[in-house]
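Subject: Structure handover

Hello,

Here is the structure for you to look through. Please open it first, then read the notes below.

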Amino acid sequence: MEFDKEKLDCLNAIHVRVGVLSNIEPRLLHNAYSAFHLSNPSYSCVDLHIESLGIKIECEHCGHITDVENYRFLCEKCNIPSKNIIQGEEMLIHKVEFKD
Ligand SMILES: [Zn+2]
C-alpha cells in the first residue's frame, strides 16, 4: 500500500483484519510494523490496530452461516460438514484514519 507524502503526514491509524486461517500472526505483524517504523520514522505516529477474525462457513445445504469453533467445520443447523469458508482466510485493511 502506498500513500503520497502529503497524505502520509496526516495518517493516524491503520485498522487491519486478519483471519485466523490466514497464517498471519498478529504478533508477527506488529513486529514487522515496529521494524518498519525504525527505517521509516515518518510513519512512527501511525497506530496499527489488528482485529482477529474467526472462521465462518456457509452451508451448501441450507445456506446457514455457522461460526466455526475448534475447527469443527459442521453446519450447526443440519450437522453437514462444509468447506465453504466465507470468513477467516483474509487479511484486509478495513479502515485508515487520517488526522483532521
Ligand atoms: Zn446446513
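Strand β1 (residues 11-19) and strand β6 (residues 91-98) run antiparallel and are joined by 7 bridges. Strands, like helices, are DSSP runs numbered from the N terminus: at least two residues of E for a strand, at least four of H or I for a helix. Two strands count as paired if DSSP finds at least two bridges between them. In this pair, leucine 11 of β1 faces phenylalanine 98 in β6.

A word on the source. This is a predicted model: local features need pLDDT of at least 70, side-chain atom pairs count only at pLDDT 80 or more, and totals for chains, interfaces and linings use all residues. Residues are numbered from 1 along each chain as its sequence is written.

β1 also pairs with strand β2 (residues 47-53), this time in the parallel sense, over 7 bridges. Valine 16 sits opposite isoleucine 50 in β2. Between β1 and β2 the chain passes through helix α2 (residues 26-39), and this β-α-β crossover is right-handed. That term means the path from the first strand over the helix to the second runs clockwise, with the strands pointing away from the viewer.

Now the open sheet. It has 3 strands in the order β4-β3-β5, with antiparallel pairing. Why is one side of β4 and of β5 left without a neighbour in the sheet? β4 (65-68) and β5 (85-87) stand at the edges, so each has a single partner strand.

Strand β3 (residues 55-58) runs antiparallel to β5, and 2 bridges join them. Isoleucine 57 has isoleucine 85 in β5 as its bridge partner.

Best wishes
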